Amino acid sequence: MPTKFLITRSYAQQLDKEDPLAAYRKEFLFPQPAIGGAYFCGHSLGLQPKKAKEFFMQELEDWERWGVEGHWKAKNPWLTYHQSFAKPLSVLAGAYPDEVVAMNSLTANLHFMFASFYRPIGKKIKIITEAWNFPSDRFALESLVKLYGYDPKKVIIELKPAKKDAYLSTDEICSVIQKNKGSVALVMMSGVNYYTGQAYDMNRITQAAHLAGAFAGFDLAHAIGNMPLQLHDWKVDFAVWCSYKYLNGGPGAVGGSFIHQQHGHDKTTPRMAGWWGHDQDTRFNLKGSYKPVSGAAGFQVSNAPVFNMIGLKASLDIYMQAGLPAINKKRKVMFDYMLFLLKALCTPDQKKKFLMKIITPVTANEHGAMVSIRIEKDMGKELVDILTKKGFVVDWREPDVIRVAAVPLYNKYEEIYLFALELSKHAVLL
């Protein structure tokens, strides 16, 4: 890892030449680029793996050739299609293969996990979460609480940073959990906050939740495929994610869930039941009660949406080839390089119109790939328009943040340099 960066384009080009992951860029398809632009929106929708089209054609051909018998005779039999995701997802999640499953969509999985792990009893009815949670997560929590007949305003404790801060400290989070140990039933947080880019200390938060007699769950939409996870060792009770961001599964791609072995192998763990979570040998029997498969697979309700899993299958092959240590190392360098350039280039100038502040934590273990840049004075959308016209694909989050992510598998250091250079023509970093 470089100990000192240089502010030249030739230096960025040299980093690209020395990049051990450079060859994987060719495994992805890019939108038609403007000259000098770059795709920095992998935190929102990852790029299409080239092999996705080949994999898709394979399933179409098997469907044509076999019809219903494709469930057994296809090259990748549909009956067990979901099982091929267990090993690579376990690597990404820091889990055992029987603790992960590709199923449903992210918010659907949230509802399913809430059904299993929100167990209000007596005074222990409260849920602790972050105030700046993704809207879908908040909606899911509110609807859950209402289903039990509670008032969300009285049951959901939303953690807000101090006024001077943009993000929560782990000490703050654990302190609130401890203070509410007599009433908290569930702690539900993001792995990486979608707005600030802050990566939470899931290990410490889980420990605090368990000491308070509560379950701990996480939304890993912005974490999986982005940073190292050790869900099993951290004893996280459950986690959910989508596959269309860093995992490059495609729009609306299949989601995923982690259920710790202590719950997944416990047949008494409450769950929403469906035929695909039932024992495969007796799945089609007309008689008998629900007999769940052991592990995370026993939380499935429907058969695998094969055509919605193809992009993820192609992407996970790339992840396994590239290796998480190399991906994580490059992510750290790219993040630090972007910060270095923004600080070095976005200096005060009377001609510059926009004022900006980085609100993502810069400490190594407190962020993923994404940098969140707050734009002052309600002028952010105007700056996004300027960047878009120059070919830089970033995204805007209300009320005042531009999100930018350099993804290790397909972004280049030279692209980061060009982005910072363009931004420096218009904005000052406060």
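What percentage of the 430 residues in the protein do buried residues make up? Hi everyone, let's find out together. Buried residues make up 56% of them, where buried means under 20% relative accessible area, exposed means over 50%, and partly exposed is in between, using a 1.4 Å probe and protein chains only.

A quick word on the model. It is predicted, so to speak of local features we need pLDDT of at least 70, and side-chain atom pairs count only at pLDDT 80 or more, while totals for chains, interfaces and linings use all residues. Residues are numbered from 1 along each chain as its sequence is written, and side-chain values use heavy atoms, with hydrogens and water left out.

Now the overall picture. The protein has 14 helices and 16 strands; these are DSSP runs, H or I of at least four residues for helices and E of at least two for strands, numbered from the N terminus. The radius of gyration is 23 Å, which agrees with the value near 22 Å that a compact globule of 430 residues would have. That radius is taken over C-alpha atoms, and the globule rule is 2.2 Å times the number of residues to the power 0.38. Along the principal axes, the C-alpha atoms fill a box of roughly 75 × 60 × 35 Å.

Next, contacts, meaning heavy atoms within 4.5 Å. Of the contacts with a separation of 6 or more, 72% are between residues 24 or more positions apart.

Let's zoom in on helix 1, residues 9-17. Which of its residues are buried? They are Tyr 11, Ala 12, Leu 15 and Asp 16.

Gly 323 sits in the loop between helix 11 (310-322) and helix 12, and counts as buried because its relative accessibility is 18%. Its C-alpha atom is 9.6 Å from that of Val 91, although the two are 232 residues apart along the chain.

Tyr 81 is in the loop between helix 3 (70-73) and helix 4 (86-93). With 2% relative accessibility, Tyr 81 counts as buried too. Leaving aside neighbours within four places in sequence, Tyr 81 is in contact with Glu 59, Asn 76, Val 306, Met 309, Ile 310 and Lys 313.
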